[in-house]
Amino acid sequence: MEGPIQDSAVAPATAAQAGVRRVIVCAGTGCVANGSKKVLAALEKQMAAAGLDVVLEFRPEGHGDGVRVSHSGCQGFCQMGPLVTILPENILYTKVCEEDVPDIVNLTLLRGEPVERLLYVEPRTREKCLGPDQIPFYQRQHRSVLKECGFIDPDEIREYVAHGGYAAARKAFAEMDGKAVCDVIAASGLRGRGGGGFPTGRKWEAARVQDNAKKYVICNGDEGDPGAFMDRSVMEGNPHCVIEGMMIAARGIGADEGYIYVRAEYPLAVRRMRQAVADAEAAGFLGDDLFGSGQSFRLEVMEGAGAFVCGEETALMASIEGRRGMPAPKPPFPAQKGLWRKPTVINNVETLAQVPRIVMGGAAKYRECGTEKSPGTKTFALTGHVCNTGLIEVPFGTTLGEIVLNIGGGVTDDRGLIDKAGFKAVQIGGPSGGCLTPDLLDLPLDFDSLRSVGAMVGSGGLVVMNQKTCMVSVARFFMEFTQRESCGKCVLCREGTKQLLALLDDVIEGRGTAETLELLETLGHAVQIGSLCGLGKTAPNPVLSTLKHFRKEYEEHVFEKRCRAGRCKALARPSINPAVCKGCRLCVKACPVGAIMGEKKQPHRIDEGLCVKCGACAAACKFGAVEGI
């Protein structure tokens with residue numbers, strides 16, 4: 001078995017250094033949806049037709065010739081998918097389709113030449129980038145948890161083992177006792193990546209000291225935030241690292257049984273986790289007397305109930321037990337009385353994926369990255385009005401500006417073009433989080449810094465918004481989500497979120513008053529205080545956060561009956577700017593009700609009495625002359 005997996009900012013270099021020929025097709029959910037399976041099949045067929053020795057099964061480096069063709073989990077650069085990586089040249093091809101396969105085979109694999117049109121073009125410099133080490137999106141990251149996700153075959157346990165997999169579990173079971181395991185996790189400063197940021201070592205120690213022969217470990221893979229796909233990508237791309245993390249947790253607390261709770265909406269993650277568990281059992285990594293320790297550990301993969309509230313640990317345990325997923329009061333905490341009233345440790349996917357590196361490298365090595373109180377790295381799902389969307393991983397303490405402007409490549413306008421002055425806000429942490437504004441671009445992203453400005457890391461969703469975003473509508477979007485996902489147990493959460501949604505509708509539809517704004521704040525604070533679980537306590541965050549940072553925008557909706565972004569249809573005041581209008585009559589042809597008047601090559605105008613505010617004219621105009629809608 002080789003040494004432990006090393007950290008790197010870009011794709012693993014071991015294969016390149018060894019000269020092993022690899023063709024790796026991204027098979028994360030995003031790339032699969034865009035046709036990467038067809039690309040993989042076409043590559044296998046075209047390479048065989050070209051006389052290349054196609055190797056489909058895993059071979060240890062240095063054993064045999066040929067070109068290995070395989071799929072990987074998410075390679076991160078989701079906006080540019082489907083992605084194909086060529087090693088040892090370390091070439092990354094973007095937006096690959098079946099028609100591109102002959103050129104990849106004939107030019108790159110047979111003649112060693114890159115296919116220029118498939119290379120990523122940096123939008124600001126217009127330079128073509130050969131591989132990840134030249135692309136700012138990858139260069140500025142520190143890919144640790146995600147490193148193997150875009151490299152190894154997630155369905156091949158031998159490849160995981162060849163890259164140091166299960167070495168940490170072997171060390172934990174063969175060389176350490178439960179206290180030593182909990183001590184090293186505590187010393188590392190690892191904090192839960194599910195949103196709360198609770199110290200993992202303290203959670204494990206609380207379960208370890210419980211005097212009970214039966215204990216459980218649960219992996220919380222019930223990732224439900226809109227725009228979040230970090231845990232899904234880890235489970236799809238490197239399922240064995242999650243299993244190994246759970247094994248080490250089991251060693252730490254003395255558990256012999258565990259559950260991996262995955263959203264049913266993640267069928268690929270469910271399939272790959274189940275396959276990984278079966279392979280680990282067949283290889284002897286799961287079962288009885290692990291590594292000669294005398295301790296047993298078995299895992300079961302369970303599909304979640306599809307409710308956002310089941311991400312809360314007491315609701316999750318209720319779901320596993322076959323009951324309706326509803327939160328329960330704490331204490332007692334799961335570490336004391338959890339699943340079936342037995343001591344239980346619950347960690348999310350990313351937290352568990354960090355554990356093997358800590359055990360192999362030590363706490364001090366882990367603390368070299370990140371900040372003092374938030375060590376290590378964090379994955380984020382970067383989406384919205386940003387040039388480079390995808391899955392990223394950076395050290396805690398990385399600034400918001402570094403992520404949005406450099407890794408993300410800058411904010412875009414509605415046409416996808418970079419807008420240097422267009423940054424308006426970032427919604428961080430999904431429905432539980434809050435808004436970060438341009439004056440916070442230098443804010444380091446870590447648990448404590450975000451809490452100090454009224455936001456939170458949450459699961460890791462980052463939604464970037466430009467100046468054409470209506471912040472009231474953003475608050476309503478998240479409130480609608482949490483209201484729909486409320487389990488209904490708490491009156492304040494059940495009824496309060498419904499009333500908050502109704503108040504936001506009043507603002508958006510022109511019925512809001514000064515009292516509406518007062519009620520939004522008062523009710524939001526009441527729901528925070530009176531709700532039982534984290535869903536209700538954080539549900540008002542988007543409303544309170546946007547009221548704090550964008551109150552002027554709320555006041556414009558209420559007092560001026562105007563939406564500056566032109567997104568609220570009831571408040572739209574469509575008009576044509578005569579200084580910009582060319583009189584081309586494209587808007588006239590697009591209007592379904594004949595509300596646009598004017599002579600050809602002369603500025604046009606909109607008859608407000610006829611206009612139905614459908615936006616067809618704005619969509620048709622090539623010059624941006626239509627305003628207010």
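Predicted model: local features only at pLDDT ≥ 70, side-chain atom pairs only at ≥ 80, totals over all residues.
Local features need pLDDT of at least 70, side-chain atom pairs count only at pLDDT 80 or more, and totals for chains, interfaces and linings use all residues. Residues are numbered from 1 along each chain as its sequence is written, and side-chain values use heavy atoms, with hydrogens and water left out.

Backbone first. Most residues other than glycine have a negative phi, and most peptide bonds are trans. Here, G81 and P82 are joined by a cis peptide bond, omega about -5°. P82 sits in the loop between β3 (67-72) and β4 (84-87); strands are DSSP runs of E, at least two residues, and helices runs of H or I, at least four, numbered from the N terminus. P331 to P332 is also cis, with omega near 5°.

P332 belongs to the loop between α13 (313-320) and β11 (344-348). W340 is in the loop between α13 and β11 as well, and has a positive phi of about 50° although it is not a glycine. W340 is partly exposed at 39% relative accessible area; buried means under 20%, exposed over 50%, partly exposed in between, with a 1.4 Å probe and protein chains only.

R585, in the loop between β17 (575-576) and α24 (586-590), has a positive phi of about 70°. Its relative accessibility is 28%, so R585 is partly exposed.

Now the helices. The axes of α20 (514-530) and α22 (541-549) come within 9 Å and cross at roughly 135°. Axes are lines fitted to C-alpha atoms, for helices over the stretch in contact, and angles run from 0 to 180 degrees between N-to-C directions.
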